[in-house]
Amino acid sequence: MRFKLLAAALLFTAPALVLAKPLTVCTESSPDGFDVVQFNSLVTTNASADVIFNSLVSYDEAAKKVVPALADKWEVSADGLSYTFHLRPNVQFQSTDYFKPTRPLNADDVVFTFERMLDENNPWHKVTGASGFPHAQSMGLPKLIKSVSKVDADTVKFELNAPDATFVSILTMGFASIYSAEYADQLLKAGKQTDLNAKPIGTGPFELKSYTKDAVIRYDVNPNYWGPKPKIDRLIYAITPDATVRAQKVKTGECQIALSPKPQDLADAKSDKAVSIVQTPAFMTAFVALNTQKKPLDNQKVRAALNMAFDRTTYLKTVFDNTATPAVNPYPPNTWSYDKAVKPWPYDPVKAKKLLADAGFPNGFETTIWVRPNGSVLNPNPKVGAELLQADFAKIGVKAEVKVIEWGELIKQAKQGQHDSLFMGWAGDNGDPDNYLSPLFSCNAVKSGINFARFCDQDLDKLIADGKATPDQAKRTKAYQQAQQIIHDQALWIPLGYPTASVITRTNVSGYHVSPFGRQNFGAVSVQ
C-alpha cells in the first residue's frame, strides 16, 4: 500500500514529459523516385535529398553562405584547381531492414557518389533513367572535375580541370547528396540496382519507411542522425494534388502543413484562427519555354511575336492574384548581377501579328502548349494559365492545343525535347545566378534535357563559362548581364513571374520556415 501511495505521489509531482508528435505535410505530387541524382524536380528533391540525405556542404539561408555539413571543413588551393574536404567523424548511415551498415561514412562513399556520375566505366553510371544525371551534366561536371580521390579515410580531394567560382555552391544542391558505397556494393552483388531508387539509404534526419505512389510517403526519425535530433517522432507526406484540398486538410487538422497553396486559399486562410500563413520572396522564376528546335519556334521573330502576344498583367492577376511580380530575366531582381537594363517585351498583339507575317506566317500556325495538371508555387493554376496563353496566341492567329500531362511524364518527354511550348518553373538552390544560367541555357544542358528552350549558342555558352571561371564578382556580373541580354533578345522564354513562396500551417506548428529555394527542412519543426 505504501508503494502505491509513493508511486501516485511521484506521478503528481514529476515534471510533465513532452512527447514528440508526428508531422503530416500535404504535398502537391509524387516524387519521381528517391535516387535524387536521376531527377531534377523540386518535388523529388523535397522527398529525398531534403529529408533522407546530406551533402558535403549546405547553404545557410539566413547567413547567405555555404556552411559545413558532412564535411566539417575544407581548403581550396591557391590556383583554384584543388578542393580538399575533411569529413565529419563518426557519421552513421541509416540502418533498415534491408541494409545494416558495418562502418561510418568515409571517403569511399564520397568517391563512389561522384564517380558514379562522372565515370562512364563505373558499373553504376548507367543505372539511371533516360536522362542520365541531369544536374551533373547540365552543370558540366564531367568536364569540370578531373578526379575525385581518397586521401585517407576521412579526407577527399577534388581536382578540377579549370577554376570554377561556383563549385562549392554546386555541392549544396540535392543531386550532390552522399550515398553509401557499401549499400551500392550490396545491391550490385544482388542484382538489385533499381532498389537504390525505391529503398534509399542516406545519413539524413529521416529514413524512408514506406511509399504508396500518389497517396502517402512515411518517414521515421533516424535514431543515429549525426545532427540535432528532429523534434517530431514521424514525418508523413500526404500527396494531395488539389491545392484547395491541401488547404482544407490543414484547416481540419488532417495535415499540419500545406505546401503550394493557391492565392485564393491564402486569402481564405487569413480569416481562420486555426491556421497561419508563412511567406518569403522566392528565388524562383515561372516561365514558358519555347523549344527552339521545333519549327516554327526556331525562328526568333516567331518567338518574339509570341512574347508580344502575351498579356502578362492579366495572367499574373488571374493565376497568381498578383502575389507574383512580372518576370523579365531568368532570375529574380534581388539576385546580384540582375540586369535592370533589360526591358520586357511589350504587350502588343498588332505588332506581334506583323512579326509573324514578316517571319512568313501571316495566317499563324498550329502548335501545342504543355502544362502539368496540378498546381505548385510556380504555377498555382496550370489549366487556367494555359488557357489564357492559348487565347492570347489565338488573337494573332496561332492555334494552340493545350495538353495537360501528368508531371512525371511531362518532365520525361520535355527532357527529350518533345514539347513545343512548355509551362515550367525553376528554383535556384543557393542564390548564385549560375544556378539558373548553366542548367537552363548552357549547351551541356541541352544534352541533359534541362535546357527546355533547347538553345545552344556558342557566344552565350562562353559568357556562362567565363562567369564561372573567375571569383571576381564584378567580372562575373559583366558576363552574366551580357548573357541576360542574349536570352532576352533571342526570346527563348515567355517570362511569367517571380512568385512569393507561401505555406499554410496549423497554429500549433512551430519552427517551420519557408525556404526561398523551395527546399524543405523539418529538423527544427515541432507540433504542440
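Trainee: How many disulfides does the structure hold?
Mentor: The structure holds two disulfides, a disulfide being a pair of cysteine sulfur atoms within 2.5 Å. This is a predicted model, in which local features need pLDDT of at least 70 and side-chain atom pairs count only at pLDDT 80 or more, while totals for chains, interfaces and linings use all residues. Residues are numbered from 1 along each chain as its sequence is written, and side-chain values use heavy atoms, with hydrogens and water left out.

Trainee: Which residue does Cys 26 join?
Mentor: Cys 26 is joined to Cys 255, with an S to S distance of 2.0 Å. The torsion about their S-S bond is about 60 degrees, so this disulfide is right-handed.

Trainee: Where do Cys 26 and Cys 255 lie?
Mentor: Cys 26 is in strand E1 (residues 21-27), and Cys 255 is in the loop between helix H9 (243-252) and strand E11 (257-259), so the pair ties together parts that are 229 residues apart in sequence. Helices (H or I, at least four residues) and strands (E, at least two) are DSSP runs, numbered from the N terminus.

Trainee: Are Cys 26 and Cys 255 buried or exposed?
Mentor: Both Cys 26 and Cys 255 are buried. Buried means under 20% relative accessible area, exposed means over 50%, and partly exposed is in between (1.4 Å probe, protein chains only).

Trainee: What about Cys 443 and Cys 456?
Mentor: Cys 443 and Cys 456 form a disulfide with their sulfur atoms 2.0 Å apart. The S-S torsion of Cys 443 and Cys 456 is about 95 degrees, so the disulfide is right-handed. Cys 443 lies in helix H17 (residues 443-448) and Cys 456 in the loop between H17 and helix H18 (458-469), so the pair ties together parts that are 13 residues apart in sequence. Cys 443 counts as buried at 10% relative accessibility, whereas Cys 456 is partly exposed at 44%.

Trainee: On to charges. How many salt bridges are there?
Mentor: The count comes to 15 salt bridges, where a salt bridge is a side-chain nitrogen of Lys or Arg within 4 Å of a carboxyl oxygen of Asp or Glu.

Trainee: Which residue forms a salt bridge with Asp 429?
Mentor: Arg 519 does, with the closest N and O atoms 3.1 Å apart. The pair links distant parts of the chain, 90 residues apart: Asp 429 is in the loop between strand E17 (421-427) and helix H16 (434-441), and Arg 519 is in the loop between strand E20 (509-510) and strand E21 (526-527). Asp 429 is buried at 11% relative accessibility, and Arg 519 is buried at 16%. Asp 50, Asp 429 and Arg 519 are linked in a network of salt bridges.

Trainee: And what does Lys 150 pair with?
Mentor: Lys 150 forms a salt bridge with Asp 108, the closest N and O atoms being 3.3 Å apart. Lys 150 is in strand E6 (residues 145-152) and Asp 108 is in helix H3 (residues 107-118), 42 residues apart. Lys 150 is partly exposed at 42% relative accessibility, and Asp 108 is partly exposed at 32%.

Trainee: How many residues does the largest nonpolar core have?
Mentor: That core has 112 residues, and those with the most contacts inside it include Leu 56, Phe 114 and Phe 158. Its largest share, seven residues, comes from H3. A nonpolar core is a set of buried Ala, Val, Leu, Ile, Met, Phe, Trp, Tyr and Cys residues joined through side-chain atoms within 4.5 Å.

Trainee: How many aromatic pairs does a search find?
Mentor: A search of the whole structure finds 25 aromatic pairs. Rings of Phe, Tyr and Trp (its six-membered ring) pair if their centres lie within 6.5 Å; planes under 30 degrees apart count as stacked, over 60 as edge-to-face and the rest as tilted. Phe 283 and Tyr 436 form an edge-to-face pair, 5.1 Å centre to centre and with 85 degrees between the planes. Phe 283 is buried at 6% relative accessibility, and Tyr 436 is buried at 0%.

Trainee: Why does the pair of Phe 287 and Trp 493 count as stacked?
Mentor: Their ring centres are 3.6 Å apart and their planes lie at 5 degrees, so the pair is stacked.
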